[in-house]
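Here is a protein chain for a reader new to it. Take a look at the structure, then work through the questions below.

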Amino acid sequence: MTTENVIIIGSACAGLTAAIYTARANLNPFVIEGYQAGGQLMLTTEVENYPGFPQGILGPELMALFRKQAEKFGTRFLTEDVTRVDFSKKPFLIFAQEKEFKTHSVIIATGTKPNLLGLKNENRLMGKGVSTCATCDGAFFKESKVVVCGGGDSALEEALFLTRFASEVTLIHRRDKLRASKIIQERALKNKKMKFVWNSVIEDILGENAVTGIKIKNVKTQKVSELECEGVFMAIGHTPNTELFSSYLKLHENKYMETHPNSTKTSIDGIFAAGDVQDFVFRQAITAAGSGCMAAIECEKYLESLHS
Ligand SMILES: Cc1cc2nc3c(=O)[nH]c(=O)nc-3n(C[C@H](O)[C@H](O)[C@H](O)COP(=O)(O)OP(=O)(O)OC[C@H]3O[C@@H](n4cnc5c(N)ncnc54)[C@H](O)[C@@H]3O)c2cc1C
C-alpha cells in the first residue's frame, strides 16, 4: 500500500482550499470528501459575502468552482465518509468503509452540523426562509418579520443582529427566562424590535416554497397558535464533526477541535484541523477557506521537515 503525503478529510471551503494549496505545492493530495460533498453551503441559496462575487453566487455553484480549481491542479477525490482512523502510530491510518489508507499527514476539515429541531418542513424550507446563520442570511430579510429559536448567548446575538434588517424579531424560547449573559439579555429586552414568546416551542414551519409562518406550542398550556413570519433562524447550537478523532486528539470542552494559537496544528504532529471543525467563533466560508490555506502551508512545512 502506498503512503499518501496528505489526506484531507472533508470537501467544503476548508478542505477544498487546503486541496488547492497542497496540490499546487506538488503534494498530490487525496481528499476523502464525505457524502455531504461541498458541505454546508450546499444547503443555502445566495452567498453575498464571499469576496470576488459582487453579484453574489449560489452556494452550490461556489462549491463547484472550489472543486474545479482543486481538480485543475490534480487533487484526487473519494466520495465516501471516513468511518475510522488510527492516529496511534505513523504513518497514520484512515479507513473509509472497507478501504484503508496510509498517510504521512492529515488535514481534518469535517466542519459542523447546525443543530435542528427535526421538524418535517425544516429541511424542505432550508434556504427558503429557514436559516442557521444570521450573519449569512440576515440581509435577505429587510423589513420582514423573522423568528429566532433559542435562548443562549448566540441566539440573542443572532436576534440582535437581525434587528438591523428585520422589522420585527421574535425570540421563541422553551423556558420563561433566558440562559444568555445578563448584558446581552438587557440589550435584547430593551430593543424595540424584539419580541419574546416564552415557554414555547416551534411545532411546525409553514409555507409551500417559502416560509410564511410557524406553529408554536405553549409547553405550559399546550395551546397551539400560529405566527406569521418570513424567516426562521435556528440558533440552538452546532455540533462539530469530531467524534471520529476524539480518542486521539485534544478537543475543547464544547467538542470543537483544539488547535495551537494562530495555527491549525492539533495535539498530534502532522495532523492539522481547518474550518468550522476548529472554529466556534466565526464559522464563515471565508474564514474556513483561510484556515484551509493555513493548514496546507503548515502541512507542507511539516512534510518538508520529515525529509531534512
Ligand atoms: C444555511 C447556511 C447558510 C450559510 N451561508 C453562508 C454565507 O452566506 N456566507 C458565509 O460565509 N458562510 C455561510 N455559511 C457558513 C459556511 O457554510 C461554513 O462556515 C462553511 O461551509 C464551513 O466550511 P468547512 O469547510 O469548515 O465545513 P463544512 O461546510 O461544514 O463541510 C464539512 C465537510 O466535511 C465532510 N465530512 C464530514 N464528516 C466527514 C467524514 N466522516 N468523512 C469524510 N468527510 C466528512 C462533509 O462531507 C463536508 O464536505 C452558511 C451555513 C449554512 C448552514
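Q: Which residues does the domain assignment of the protein chain give to domain 1 and domain 2?
A: This is a predicted model: local features need pLDDT of at least 70, side-chain atom pairs count only at pLDDT 80 or more, and totals for chains, interfaces and linings use all residues. Residues are numbered from 1 along each chain as its sequence is written, and side-chain values use heavy atoms, with hydrogens and water left out. The bounds come from an automatic or database domain assignment. Domain 2 is 116-234, and domain 1 is 3-113 + 238-307.

Q: What distance separates the centres of domain 1 and domain 2?
A: The centres are taken over C-alpha atoms. Between domain 1 and domain 2 they lie apart by 32 Å.

Q: How many residues does the contact take from domain 1 and from domain 2?
A: Contact means heavy atoms within 4.5 Å. Domain 2 gives eight residues, and domain 1 gives eight residues.

Q: What area do domain 1 and domain 2 bury between them?
A: Buried area is the accessible area (1.4 Å probe) that two parts lose on being put together, summed over both. Carbon and sulfur atoms hold 48% of it here. The total is about 600 Å².

Q: How do the residues of the side of domain 1 that touches domain 2 divide, and what is the count of salt bridges between the domains?
A: Ala, Val, Leu, Ile, Met, Phe, Trp, Tyr, Cys and Pro count as nonpolar, Asp, Glu, Lys and Arg as charged, and the others, Gly among them, as polar. The side of domain 1 divides into one nonpolar, five polar and two charged. A salt bridge is a side-chain nitrogen of Lys or Arg within 4 Å of a carboxyl oxygen of Asp or Glu. Between domain 1 and domain 2 the salt bridge count is zero.

Q: What is the N to O distance in the salt bridge of R67 and E33?
A: R67 is in helix 2 (residues 59-72), and E33 is in the loop between strand 2 (30-32) and strand 3 (46-47). Helices (H or I, at least four residues) and strands (E, at least two) are DSSP runs, numbered from the N terminus. The pair is 34 residues apart. Their side chains meet at 3.1 Å.

Q: Is E33 buried or exposed?
A: Buried means under 20% relative accessible area, exposed over 50%, partly exposed in between (1.4 Å probe, protein chains only). E33 touches residues including G10, F77 and E80, not counting residues up to four places away in sequence. Its relative accessible area is 5%, so E33 is buried.

Q: Which strands hold E203 and K217?
A: The side chains of E203 and K217 meet in a salt bridge (4.0 Å, N to O). The pair ties together parts that are 14 residues apart in sequence, so each residue has its own strand: E203 lies in strand 14 (residues 200-206) and K217 in strand 15 (residues 213-218).
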